[in-house]
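Reader: I would like to learn how to read strands and packed helices in a model such as this one. Could we go through some cases together?

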Amino acid sequence: MKFVPDWFCRDRIERDIDDELAFHVEAHTRDLISEGVPPEEARRRALATFGGMAPIRELTRDASGGRWLEDLLSDLRYAVRSFRHQPGVTVVAILTLTLGIGANTAIFSMVNGLLLRPLPVRDPGRLVLFSGDASEGTSSSTPPPSGRWDVFSSEAYEYLRSRSLPLQSIGAFASGEQTVALGLSGQPAQDLRARAHLVSGNYFDVIGAAPALGRMLSNDDDRPSAVPVAVASDLFWRQRLGADPAAIGRTVTINGTPFGIVGVMPSEFFGERVRRSPDLWVPLVHQPQVQLRASAAARPELYWLSLFGRLGPRQTIAGAQAATTSALRQFLTASAGAQPSDIARERIASVRVQMVSGARGISVSRDQNRELLVLLLSAVGVILLIACSNVGTLFLARAVARQREIAVRRALGASRGRLIRQWLTESALLAGLGAVGGGIVARLAAPPLFATFVAASNPAKATIDGVVLAFATGAALLSSLIFGLVPALRAGAVDPLATLRAAGPSPSSSRRAGTTDPFVIAQIAMSMMLVVGAVLLVRTLINLERAPLGFDRDRILIASLNARIAGGLGADAHATDARPEVLDLWSRVYERIRALPGVEDATLARYSPFNGSNSSRSLEIEGYVAAQGERVSAETIAVGGNYPQTMGMPVIAGRAISPDDRPSTPRVVVVNASFARKYFAGGTAVGRRLQIRAGGPHEIVGVVEDARFHSVRDAPPPTVFLPLLQDTYLSSTCEVQLRTSGNAESLTDTVRRAIAGVDARIEVGRVQSLRSQVLATFAPERTAAGFLVGFAVLALLVAAVGLYGTVSYGIARRTSEIGLRIALGAARRDVVWLVARASVIRLASGLLVGALLARAAGSLVSAQLFGVAPNDPLSLLVAAATLSVVVALATVRPLARAMRIDPMIALRTE
Amino acid sequence: MPTSDRSDVLQGTLDLLILRTLETRPLHGYAIGQQINQTSRALLQVPQGSLYPALHRLEKKGLLAAEWVDTDEGRRAKVYRLTRRGYQQLAREIADWQRLSKAIGWILQS
């Protein structure tokens, strides 16, 4: 029995063979001596019958299979020698592969970091999320009446927990973190904040995490009578608790309630969401203290919990999902009372729970960037193919140049397989070097590129781990096969006799050298595809930035204000009752900013366009009958006086919100054109009335033109503008919007001073031009366009190098022919055409194939495009022109050399 | 050395001869060569250059097994013996060979 492959103990094998042969010689010698031959002569004859020891030893070793590593090493030595012969070609090939493999590894490490890496917990593959899309949950006080449930009430959670479902355990967490006021014992009161995450007592057990210090939460911590405790994150422990191992048992206050720290999580743990870890994990039972709201547990209509679970052995997502869905329906039936209506029964029957794997946690950045990353991965895949065809071209040229050498080796008895192996070893060596270079490139490039997708605080990182290394190795092996196989097979097919008989490269072989053409055409075609993609995305970006939004974005400055402290609201930032102080404050701010020099107009707004905020409310509109199941709603924005004038939105009918619309005056609203179209079917809107929430009716006093406030792509939703200074739900946050007469951002300091002049306690957040706020929302498109332009340039560069090499090589091979033609009186023009013709043909075929490829790949980018079709002719034209220029540039220098060929010299070298 | 009345072992038959020689008892390489030489009444000469590669090839195929034994002279000798598969192979090759030689005999007599 052999447990170790032979080549591992090559030394032993050789020693054994030597011993065996020595024994033979000795035995033979002894026999000869016994026949009467003198000892010296006997030994000589014994040795002679072998005809030399060395060849036998070699043959014997071959037979016992000890050659494998030996051959590989000799192939490698040979490869290194032959690369040293042509350092230029070798360096170009390695650089090309480094770029190709590096770009792929970099993008793949991003894909790995964002899309593939599992949560750093025990057996993450067994985790399931009770949510259809694994996106960030929201809380809602309107019950999800029917269909899929993504958030749950406390009551529903308790019911599901009490049932024996086919899950090992079920845990819960609040659908969002809470920012809380933090107090540290033994430290002076400061305005400290922390992010607390409400989780069920078994949360850490279910997710599969262990504490670095102390203990985790338990179910006992989550009972109404429990002493308030919390578990801290590693970062919180370091920054707030001084990384003190004795921090366990210390007390912190959360919104004034003391909590004992019982444990610290390890640094790699961040919870179920792939983003910055919460500072503190607090049992659900303390929700009133953390959220400063009434107990959610007592409110069956409040849906605020996200659920997750851990599957036991032999339990499946499908089974858990079906059982949970039917349990939830039983729960709803039980709470619907003795005689549920038909509608209620129908609704309950439609309720379902959808489960997805929780192995990778919840990640918003993953959902946002998945498509883009897949697009980028395809693009770098194309670059690798271009790099491979480039190196393939070089290798084919080498194969032709080395035909005689190959023929000699064949004639000396090297087998075909042996030669193919030699060539593949050379390509694998090259690809290996490319992979090493690519790994370095990826390591340097991936983190800054990743930062354009994901915030630095996010635990998702584009690091080079085993998966990425495996990918890089695979990419290198694959590329060495792609660019190495064709030349290798050709090397194996060389006919030694024919090649050696011909004095120079035979006519047939020089014609066959033209087979680099497919590689060159492939490079042009694939570059064309990338350039088309880049042009499409750049045009998309330009279209997005130029798209009319329905409001002026230039010359408008916005500043976000918070009057939490100035308005006397204290720590309770969530109080939304109208306060006379806040009302007064906003009125004074409004008056003050309107009077600023350089300000043409100014207004207030609850939020500004494209700042990410959106508020939508249910309405009742007098005279509008809702269809069955229709939810009558509209976006509602509270604004100050002169809003349309400041924003440059035309008033179509009636008037705008005025600064005189106050709590004491009749309640009014202004609606947009979409609203009027949808709910009044084009009839008069002014004078109609609508009701928001439970408050009294508002009269519509004006209609303004539609404007896009959230997305350039989507049509504006029906919108209602409420008077900010009349709103009964006056908020402590608001934005001022100023229309300036010059450069908006030059007024930044003026505005800050003016606000401070009204009340120094008003917190002024970001002050920026509306233009830059809008532009910031195109970041994903800008990232995509930037990446693709970079890739296209890279592809063009690689293709240009490949083409340059091919053209130069072609001219070098035809030097004597060209010299002969010139000597026979060919005009320079004819020589130019002779050389350029090949490039023109390659370019034309490459562009044609590239256009077809681009068309086929169009569907991949179509979701990313705006205002331009995937098969847009102008973009194709631009790309074709770009490639023509590149091909021309790559041809010009070799061409110039061809024209300078001196017929005398050229013919003499023959 | 006159070679006219001697033949080099036919290509492909060396394996058969080795297997046959080892059928009765294990032997080392030199003894195998000697035995073939003697049994064939010195008509067949095993080229030393192909004996050892053949032995190693057969060992690798699993038809032979080898064992190192210490000789009286304090040397190490590698002794080969037939494996079970070796015996089966030998039976097959003998049958093949007899069929072949019969056929060739008929052709030559016809």
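**Reading strands and helix packing**

Author: In this predicted model, strand E20 (residues 689-692) of chain A has a covered face, made of A:Leu690 and A:Ile692, and an uncovered one, made of A:Arg689 and A:Gln691.

Reader: Which strands pair with E20(A), and in what sense?

Author: Strands of a sheet pair through backbone hydrogen bonds, either parallel or antiparallel. Here, strand E16 (residues 616-621) of chain A pairs with E20(A) in the antiparallel sense over three bridges, and A:Glu620 stands opposite A:Gln691. E20(A) is also joined by three bridges to strand E21 (residues 697-704) of chain A, again running antiparallel, with A:His698 as the bridge partner of A:Leu690.

Reader: What is the order of the strands in the open sheet of chain B?

Author: The order of its three strands is E2-E5-E4, with antiparallel pairing; strand E2 (27-28) and strand E4 (64-70) are the edge strands, each pairing on one side only. Seven bridges join E4(B) to strand E5 (residues 76-82), and B:Glu67 stands opposite B:Val79 in E5(B).

Reader: At what angle do helices H1 and H4 of chain B pack?

Author: Two packed helices are described by the angle between their axes and the distance between the axes. For helix H1 (residues 14-21) and helix H4 (residues 84-109) of chain B, the angle is about 125° and the axes are 10 Å apart, so H1(B) and H4(B) are oblique to each other. The crossing is left-handed, and B:Leu16, B:Leu19 and B:Arg20 in H1(B) meet residues of H4(B) including B:Leu90 and B:Trp97. By class, this contact has four nonpolar, two polar and two charged residues.

Methods:
Residues are numbered from 1 along each chain as its sequence is written. Chains are lettered from A and ligands numbered from 1 in the order in which they are written. This is a predicted model: local features need pLDDT of at least 70, side-chain atom pairs count only at pLDDT 80 or more; totals for chains, interfaces and linings use all residues. Axes are lines fitted to C-alpha atoms, for helices over the stretch in contact, and angles run from 0 to 180 degrees between N-to-C directions. Helices (H or I, at least four residues) and strands (E, at least two) are DSSP runs, numbered from the N terminus. Angles under 35 degrees count as roughly parallel, over 145 as roughly antiparallel, 65 to 115 as roughly perpendicular and the rest as oblique. A crossing is left-handed if the near helix is turned anticlockwise from the far one by less than a right angle, and right-handed if clockwise. Two residues are in contact if their C-beta atoms, placed from the backbone, lie within 7 Å. Ala, Val, Leu, Ile, Met, Phe, Trp, Tyr, Cys and Pro count as nonpolar, Asp, Glu, Lys and Arg as charged, and the others, Gly among them, as polar. Two strands pair if DSSP finds at least two bridges between them. A residue is buried if 20 or more other C-beta atoms lie within 10 Å of its own, exposed if 12 or fewer, and partly exposed in between; C-beta atoms are placed from the backbone.
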